[in-house]
Amino acid sequence: MAKQPAPAPTTFSARFAELSGKDDDELRALLASDEAPENDDALDPMPAVLPAEGTTATRLADLTKKIDAGAVGYVAGTVAGARAAVVAAWLSSAPMKRAVVVVPDGDECKRVADDIAQLLGFHDSSAANIACFVGWESSPYAEASPDRKAALARLAVLGPLSTVDRSAATQTGPRVLVVAAAALVRKTIPRSVVAKHTLRVTAEEELDRDALIGHLVDAGYVRAPIVEDPGSFAVRGSLVDAWPPQADRPVRIELYGDLIVSIKPFEAEEQKTTEVTIPEILLGPAREGLLAKEFVERAKDRVTALGDAIDLPTSKLRALVDDVCNGRAFFGADGFLPAYYPALEPLTAYLAGDEKIFLFEPPGCVRAMNDALEEMRRDLPATRIHFLPDAFAVDEEALLAALPEARRVGVDRLALLGAPEPGLGALAYADEARTVDLAARDHDDLERAGKAARQQRGRGAGLNPLIRRIRHFKEHGFTVFLAARAEVQGERLVALLRPHGVNVKVVGKPFAAGWLHNAVEPAYRSLDALIVTGPLARGFLLPADGIAVITEEEIFGARARRAPRTKTKDVTRPFLEDLRALAVGDFVVHVDHGIGRYRGLVHQDVGDHIVDLLVVEYSGGDKLYLPSYRLNQIQKYAGGESADPKIDRLGGQTFAKTKAKVRKAVREMADELLRLYAEREAAVGEAIPAVDEDYRTFEATFPFEETVDQAQAIGAVNKDLESEKPMDRLVCGDVGFGKTEVAIRAAFRVAMAGRQVAVLCPTTVLAQQHFRTFESRMGGYPIKIRALSRFQTAKEQAEVLREVKEGRCDIVIGTHRLLSKDLHFKHLGLLVVDEEQRFGVTHLRRRAHPLGDADPANAANGDWRPPRSFVDHDAAVGPSCRSDDCHQVRRAGDPRGGRAGAVARRAGFLRLQPRRRDPRAGRSPPGLGAKCTHRRRPWSNGEDVDQDRDTNNRRRDRQRGKCP
């Protein structure tokens with residue numbers, strides 16, 4: 001039977017009903033009332049800090065001693081976050097301890113590894129020497145193409161594991177191995193083979209260069225001119241570049257004769273070494289099916305025997321043998337791994353034998369193992385040539401023997417007691433005599449209370465549940481840790497908590513392992529909370545140790561993680577990227593001589609040196625020889641026209657005249673922009689209130705770390721919103737660089753200030769995508785978001801129009817439907833236009849008078865204020881001027897002219913667009929303030945202009961005498 005505590009209510013309403021005796025209707029009435037309750041405990045009761053009655057909580061220090069003595073086989077009362085604390089506390093008690101952590105799901109491997117690393121005091125799992133073995137996503141019989149990246153990830157773990165030396169004075173191999181349960185029942189490449197083909201290269205030791213190259217070839221590395229991918233190598237004289245599977249970056253091995261001078265990592269893109277020198281590197285196998293002669297011969301014989309056994313046609317058998325022997329990646333190739341070796345071995349064969357094995361959620365681990373075995377039997381092909389399941393699957397009895405009870409510790413919320421089930425089911429049961437309880441708790445109630453507070457309690461209340469819990473834990477003698485994913489996020493938490501009287505401080509380091517054993521520095525004990533940096537996934541509460549760890553996700557919601565983008569400082573990189581794709585005969589542009597044709601690279605003797613020269617041919621057969629150190633003077637030609645460009649004459653004046661025309665056009669545009677911005681400076685708009693606590697809380701819920709450019713853009717937009725000057729800003733960047741988040745934060749501020757926001761999208765799919773994004777980001781705030789497109793029925797659209805007009809809708813997201821004349825806003829404050837170049841000229845004209853929403857009465861009384869405008873994603877184009885306002889346009893310096901032009905000058909625009917890689921592609925739109933002429937069609941980015949309407953406008957202008 002299971003050892004279970006009394007079930008607790010799992011929902012906020014259930015807990016409220018249990019404590020207050022009121023039903024859901026009374027709860028909703030209380031939440032809807034304007035008056036907040038005097039006692040917050042009625043809505044958000046504080047969690048218990050003492051163990052449940054009849055439960056004895058164990059301290060982590062005592063648990064560590066019992067595990068070492070073999071007196072513990074199961075640790076109950078451990079929530080998700082506390083499981084990593086159990087492993088970290090045990091590891092921190094001695095430096096030479098090893099652990100194997102088995103998790104039910106492969107997706108949890110990286111998260112558990114990072115949590116253990118953070119609690120040990122490291123920033124990431126690689127620094128803590130923690131490896132993750134996820135295993136295989138499909139059975140060996142699946143008709144799937146081999147995943148080389150996944151194979152390299154497995155080999156990255158097997159290589160270091162195969163070199164573990166039990167008798168070594170220093171630790172070799174990973175200290176912690178986090179493995180998915182399903183990977184334990186699947187066999188892989190034998191350990192002896194991996195160890196034989198793993199070479200340890202050490203600096204300042206001798207190594208034959210040819211022997212090193214031969215090892216890389218036998219280990220499955222691909223020889224290439226330059227190393228750009230894992231599992232490849234390159235040789236250039238005394239330099240050998242290689243990218244082993246377990247390394248984040250390739251390494252450059254420099255030899256002097258047979259002496260290894262240095263081993264340095266380098267950037268694959270730049271091919272430049274770093275200043276860091278590493279003492280040694282492991283060069284393990286880069287293929288699971290090695291193509292050494294002995295393995296290829298065995299694979300040929302075994303596949304041929306299998307084909308003959310089922311009378312496979314000779315042509316098909318010959319093709320299959322050829323694919324296997326050459327290591328080609330064909331569909332189902334993973335199923336032929338046993339052909340290369342006498343027998344595959346399980347992952348447990350790589351263990352040294354002294355590791356402590358921790359099973360997180362043992363019932364879930366057993367279920368995952370059984371599912372993997374069942375999938376293997378289910379996918380067994382009936383007709384196709386294949387190896388038997390015994391070649392891939394581990395025997396259950398052998399696996400239980402490899403995971404002995406003396407070295408095994410189950411870690412779960414509940415301990416499953418009773419008679420063990422046969423087979424792998426024995427791993428899920430606990431011995432009551434060897435079971436201890438941590439009585440740990442999670443912070444799910446904090447997440448629910450924070451969301452309810454943001455939705456129901458109004459402004460500035462989102463942090464109240466956190467503040468009350470910090471004080472509650474501190475009153476009971478707990479040490480409270482807040483885990484922020486970065487130091488800047490920690491400073492943001494300080495700025496949010498200190499105005500509420502919470503004494504909190506940021507420590508610019510991860511969680512210290514000693515804190516798990518109550519070794520907190522005296523200087524920190526006086527603080528209400530201590531902020532540490534590290535992306536812990538889940539927090540926990542340990543009553544016996546007096547420790548409360550609260551993560552950023554539990555405060556602000558779940559978030560994703562992404563690798564930071566690094567910016568290069570090499571000014572020649574754009575030119576080098578072009579030259580990599582440069583072929584003989586391509587057009588190039590020289591900064592002084594113009595367009596020519598690239599004719600290749602030549603080597604010429606200049607004095608006593610041989611110099612590499614790029615040859616560029618110009619009109620008349622003239623050639624320019626450009627030294628390689630002047631690469632920044634040329635660039636690959638990228639024109640928008642399909643026809644070949646006109647080649648300039650070397651030393652001629654055509655290119656100089658072209659540059660002079662461009663300079664003149666740029667000067668004219670600058671004059672127009674200067675005049676336009678001078679007029680905009682004189683205009684007055686409406687400022688948004690300064691950044692408050694609500695906005696700080698909202699920006700903290702952003703699920704990514706802001707990039708430097710993104711943070712600058714957000715700061716500039718916030719400054720514009722708080723200014724009375726109209727906003728006209730363009731924010732551009734590549735896809736995925738966070739332009740939408742800039743718009744979301746601006747929309748949040750405007751909506752929270754009581755004004756409405758319109759988001760205009762070119763397609764219904766994009767509108768629906770933005771609607772979901774805005775809803776997910778603002779779901780915890782009193783902001784009503786509606787969609788308006790053809791996805792909504794006529795009845796739904798009518799309801800949205802009514803809500804927008806009455807001011808009951810804060811943000812409306814839609815397509816061209818937002819440009820309809822029946823849409824009226826009560827108080828529009830922000831207009832977001834996504835991909836403006838995809839709207840026609842007529843649509844862009846309507847933007848001058850913001851969606852036609854101004855109430856004439858309010859406008860006449862001076863109550864109406866123009867909205868800020870926000871153009872998202874693509875090139876913003878200036879709308880063509882209306883011919884009946886062309887004289888007013890010239891005076892106003894704005895192509896919209898008239899009353900609409902005056903409104904637009906007060907409103908301002910903020911544009912976001914992707915960075916254009918080719919400045920020559922397509923015609924550029926006319927600048928703001930361009931003079932009107934009816935002798936040419938207005939620029940429309942490829943969209944047709946209504947000819948009849950244009951003709952009528954010209955006829956009317958001639959009659960009125962407004963235009964010559």
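**Exercise 1. In which helix does Arg749 lie? Describe its surroundings in this predicted model.**

Solution. 
Step 1. Arg749 belongs to helix H22, which covers residues 739-752.
Step 2. The relative accessibility of Arg749 is 5%. Buried means under 20%, so Arg749 counts as buried.
Step 3. Leaving aside residues up to four places away in sequence, Arg749 touches Ile688, Pro689, Ala690, Val691, Tyr695, Asn718, Leu721 and Glu722.
Step 4. With one of these, Asn718, the side chain of Arg749 makes a polar contact of 3.2 Å.

**Exercise 2. Determine why helix H4 is described as largely enclosed, and examine the salt bridge between Arg83 and Asp412.**

Solution. 
Step 1. Helix H4 spans residues 80-92 and has 13 residues, of which 11 are buried; therefore the helix is largely enclosed by the rest of the structure.
Step 2. Among the buried residues of H4 are Arg83, Trp90 and Leu91.
Step 3. Arg83 forms a salt bridge with Asp412, and their closest N and O atoms are 3.4 Å apart.
Step 4. This pair links distant parts of the chain, since Asp412 is in the loop between strands E14 (408-411) and E15 (415-416), while Arg83 is in H4, 329 residues apart.
Step 5. Both Asp412 and Arg83 are buried.

**Exercise 3. Compare the positions of the partners in two further salt bridges, Asp68 with Lys97 and Arg696 with Glu699.**

Solution. 
Step 1. The side chains of Asp68 and Lys97 meet at 3.0 Å, N to O.
Step 2. Asp68 is partly exposed at 45% relative accessibility, whereas Lys97 is buried at 12%.
Step 3. For Arg696 and Glu699, the closest N and O atoms are 2.9 Å apart.
Step 4. Arg696 and Glu699 are three residues apart in helix H20 (residues 693-700), which means that about one helical turn separates them.
Step 5. Arg696 is partly exposed at 36% relative accessibility, and Glu699 is buried at 4%.

Methods
Residues numbered from 1 in each chain as written. Predicted model: local features only at pLDDT ≥ 70, side-chain atom pairs only at ≥ 80, totals over all residues. Heavy atoms only, no water. Helix = DSSP H or I, 4+ residues; strand = E, 2+ residues; numbered from the N terminus. Buried < 20%, exposed > 50% of the residue type's maximum accessible area, 1.4 Å probe, protein only. Polar contact = N/O pair within 3.5 Å; in protein donor to acceptor, adjacent residues only side chain to side chain. Contact = heavy atoms within 4.5 Å. Salt bridge = Lys/Arg side-chain N within 4 Å of Asp/Glu carboxyl O.
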